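This briefing is meant for someone meeting the structure for the first time. Please look over the sequence and the model, and then read the points below, grouped by topic.

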Amino acid sequence: MEQLLAVLIDGIIYSAWLFVAAVGLTLIYGVMKIVNVTHGSFYALGAYAAASITGALLAHGMPPYLSYAVLLGSAVLVSVIVAPLIERGILRFMYAKDEVVILLITYALFLILEDVIKLIWGVNPYFIAEPYGLLGSFDIGDLTYPYYNMILVGVAIACGVGLAWMLNHTRTGKLLVAVIHDTEISRAMGINVDRFYLFTFTFGSLLAAIGGAYTAPTVSVVPGLGVEVIVLSFAVVVIGGLGSLPGAALGAVIVGLVRSATIHYLPQAELFVIYLVMAAVLAFRPRGLFSLAEARKI
Amino acid sequence: MNAFKKAVAAAVVAALVPAFAAAQEAPLKIGVVSFLSGAAAGPFGVPARNSAEIMFEMLNAGKVPAPYATKGFGGALLHMNLVDESGGTTTQVTEFRNMVQRDNVDMVIGYISSGSCLGIAPVAEELKKLTVFFDCGTPRIFEERGYKYVFRTAATATMDSVGAALYVRDLRKGKIKTIAGINQNYAWGQDSWSDFEASMKQLEPGVKVATSQMPKLFAGQYNAEISTVLAAKADVVHSSFWDGDLEALILQGGPRGLFKHRTVILTTGETAMYKLAGSIPDGVVIGARGPYGPYAPNNELNKWFSKTFQDRYGVPPNYAAYHMAQAILGTKAAWEKALAANGGKRPSQDQVIAAFEHLTFESPAGKVEMAIGAGHQAITETAYGVTRKVHGKMTVANVKRYPAEMVNPPDGVKAADWIASGFKKK
């Protein structure tokens with residue numbers, strides 16, 4: 001029973017991390033039809049900004065409890081500067097091109113940003129351990145979990161619920177849904193689609209940066225941090241269905257729980273279990289679990 | 001007539017000596033491979049690169065203490081051709097071919113990852129290029145086949161694992177019933193764990209494996225693995241994690257109590273012990289993959305190396321830096337032995353290889369013997385200790401040293417067979 005509970009908690013923590021990392025990717029694809037490889041770069045930028053800014057402020061006597069707000073602020077800062085630069089400076093000239101070409105462009109940008117990160121922060125690791133242990137821990141049987149993990153779960157829930165509420169209950173969200181369904185009709189109806197593209201890319205990148213920022217206290221922030229994340233994020237959004245918010249949530253939960261159960265009961269299979277799940281889902285639902293029917297355009 | 005002969009002889013000598021000297025002093029182009037990007041760069045690749053830079057510069061200036069005071073390698077100055085080890089084995093094989101076939105390097109010194117070494121060794125043999133592995137640990141390289149052109153100047157993971165088993169046996173004094181492992185899922189992690197598990201079963205008959213976790217390299221998130229290890233309630237937890245994975249394990253495991261109520265052994269922990277001093281409690285068993293860093297001997301070579309490194313980079317050299325210095329000095333010793341055997345003439349590659357086999361040389365970490373792998377694989381003593389903070393500064397206490405012959409298999413015997421035999425000498 002205790003082990004089942006551990007599987008559940010470990011699975012939820014991992015799912016929360018995966019969802020925050022992946023949800024921006026599915027949002028950007030849903031609106032802009034871009035498979036955005038730079039998503040991994042924003043995750044890494046968020047982690048680097050959080051580690052360096054929070055670390056510097058803590059060293060200058062900032063009350064440690066403020067570090068949770070600084071993590072968020074760092075993610076916002078880095079994404080509102082870099083994302084519009086990329087979208088306005090490069091991507092907006094590419095929208096007419098084929099999806100595969102844009103994918104390659106974002107891959108090139110990902111490689112460039114990896115080197116930019118090395119130019120700015122170097123290759124030595126950054127650590128900010130304080131926020132992880134600051135809130136204390138809770139015990140379940142013999143297992144101890146820091147409360148910080150619950151912050152990550154809270155951030156994931158806030159991102160998911162907030163995004164769903166924004167899409168379904170705000171004017172901006174409804175206009176965005178219109179853009180998702182048909183860009184041309186939306187333009188014809190007077191919606192400033194370019195502005196929505198800018199907003200979506202920045203917001204999606206912000207979500208990736210938040211994922212990186214809140215992961216930073218638990219890892220060594222080093223070059224290449226975004227590589228593993230982008231692979232896992234793709235797996236999650238492909239399982240859920242590219243462009244689907246509930247799909248990303250369900251994909252993250254499935255992957256998180258399956259991985260956790262595998263580690264507890266069959267650790268030898270951990271290496272490939274995520275891709276096994278992805279293959280199994282795609283075998284029966286080639287467009288993912290929550291793929292929407294698309295109207296054929298003549 | 002006699003005077004004429006002397007004049008001709010003098011002219012011939014005058015004409016030949018500069019040519020001879022030029023041939024002798026033509027610089028040696030050495031490919032140096034280390035992680036310059038990716039998760040392994042900060043804790044391993046960059047310290048190793050820094051060590052290579054110091055050694056090349058100081059050797060060229062003739063400023064390294066005896067027995068390495070001659071400039072370069074026997075007077076030939078050294079030129080470094082630096083290559084990044086990141087990108088995976090396929091990339092490394094391509095880079096290796098480029099260094100050998102396009103850049104015409106005279107030799108290659110490099111490789112941290114066991115995956116890189118396993119991939120490069122057969123290619124070095126195919127291209128017939130002297131290649132010295134400085135850090136990778138898998139014992140499989142010289143166990144699976146013999147190599148003429150490949151050498152490794154650092155001891156294998158077998159030494160780390162057997163040393164770790166001996167140390168925890170001594171530390172827990174027979175109170176070990178169960179062990180657990182968390183190691184990376186590739187050659188280094190698998191070999192480290194299998195040697196540790198086999199050694200523990202020899203040293204403590206009846207010991208049981210509670211769990212063995214093998215997460216993917218660079219996975220980064222280890223909550224579920226830590227839960228499994230905690231739930232297993234093992235007496236001893238072994239990890240050969242390195243690079244950013246080791247740091248993430250310490251950061252995530254510390255607040256969860258991984259280091260409490262059990263003996264945790266980190267065989268590469270020395271690379272993180274100063275950076276993460278605040279996250280590592282007292283009593284964690286720390287390895288340095290040999291007598292390096294806090295375990296290095298107090299000899300002149302080590303005093304010079306650690307001071308030079310600390311003065312230039314502001315941090316003490318870690319074991320990756322020691323391994324690089326050891327590889328360069330070992331190659332220099334072999335080169336100069338071959339030079340002497342060749343009557344002072346620049347030796348051929350085959351002569352250097354012959355001199356390298358079964359060589360014994362001094363390093364900042366003491367004596368290194370190319371004793372196994374038919375003279376191509378080094379053995380050294382090793383040491384372990386436990387963390388202890390003294391006035392807030394991280395140190396190691398309760399240090400025990402194990403002689404090379406005690407923690408390395410004899411020549412020609414596979415590590416697994418040697419351990420299974422109860423560590424029998426040949």
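Helix α9(A) is mostly covered, since 17 of its 23 residues are buried, where a residue counts as buried if 20 or more other C-beta atoms lie within 10 Å of its own, as exposed if 12 or fewer do, and as partly exposed in between, with the C-beta atoms placed from the backbone. The model is a predicted one, in which local features need pLDDT of at least 70 and side-chain atom pairs count only at pLDDT 80 or more, while totals for chains, interfaces and linings use all residues. Residues are numbered from 1 along each chain as its sequence is written, and chains are lettered from A and ligands numbered from 1 in the order in which they are written.

**Chain A as a whole**

- Chain A has 12 helices and 2 strands, helices (H or I, at least four residues) and strands (E, at least two) being DSSP runs numbered from the N terminus.
- In sequence order, the pattern of chain A is α-α-α-α-α-β-β-α-α-α-α-α-α-α.
- The radius of gyration of chain A is 19 Å, close to the 19 Å that the globule rule gives for 298 residues, so chain A is as compact as a globular protein of that length; the radius is taken over C-alpha atoms, and the rule is 2.2 Å times the number of residues to the power 0.38.
- Taken along the principal axes, the C-alpha atoms of chain A fill a box of roughly 60 × 45 × 35 Å, and buried residues make up 49% of its 298 residues.
- Of the contacts in chain A with a separation of 6 or more, 77% are between residues 24 or more positions apart, a contact meaning that the C-beta atoms of two residues, placed from the backbone, lie within 7 Å.

**A helix and a hairpin in chain A**

- Helix α9 of chain A covers residues 193-215 and reaches 33 Å from its first C-alpha to its last, close to the 33 Å expected at 1.5 Å a residue, the expected span being 1.5 Å times one less than the number of residues.
- Strand β1 (residues 137-140) of chain A runs antiparallel to β2(A) and is joined to it by 4 bridges; two strands pair if DSSP finds at least two bridges between them.
- Within this pairing, A:Asp139 stands opposite A:Thr144, and A:Phe138 has A:Tyr145 as its bridge partner.
- The hairpin of β1(A) and β2(A) has 2 residues between the strands, and A:Gly141 takes a positive phi near 60° there.

**Where the chains meet**

- In the interface, 34 residues of chain A are in contact with 38 residues of chain B.
- The elements of chain A that give two or more residues to this side are α1 (2-32), α5 (130-134), β2 (143-146), α11 (245-265) and α12 (270-284), and α1(A) provides the largest share, 6 residues.
- By class, the side of chain A that touches chain B has 18 nonpolar, 10 polar and 6 charged residues, with Ala, Val, Leu, Ile, Met, Phe, Trp, Tyr, Cys and Pro counted as nonpolar, Asp, Glu, Lys and Arg as charged, and the others, Gly among them, as polar.

**Chain B and its domains**

- Chain B contains 14 helices and 15 strands, and 56% of its 426 residues are buried.
- The C-alpha trace of chain B spans about 95 × 45 × 40 Å along its principal axes.
- The domain assignment, which is automatic or from a database, gives chain B a domain 1 (6-156 + 297-379) and a domain 2 (158-294 + 381-420).
- The C-alpha centres of domain 1 and domain 2 of chain B lie 29 Å apart, and 28 residues of domain 1 are in contact with 27 residues of domain 2.
- On the side of domain 1 of chain B that touches domain 2, β12(B) gives the most, with 4 residues.

**One glycine in chain B**

- B:Gly137 is placed in the loop between β4 (131-133) and α5 of chain B, and it counts as buried because it has 31 C-beta neighbours inside 10 Å.
- Leaving aside residues up to four places away in sequence, B:Gly137 touches B:Ser114, B:Thr156, B:Ala157, B:Asp160, B:Trp188 and B:Arg289.
- The C-alpha atoms of B:Gly137 and B:Ser114 are separated by 5.9 Å, although the two residues are 23 residues apart along the chain.
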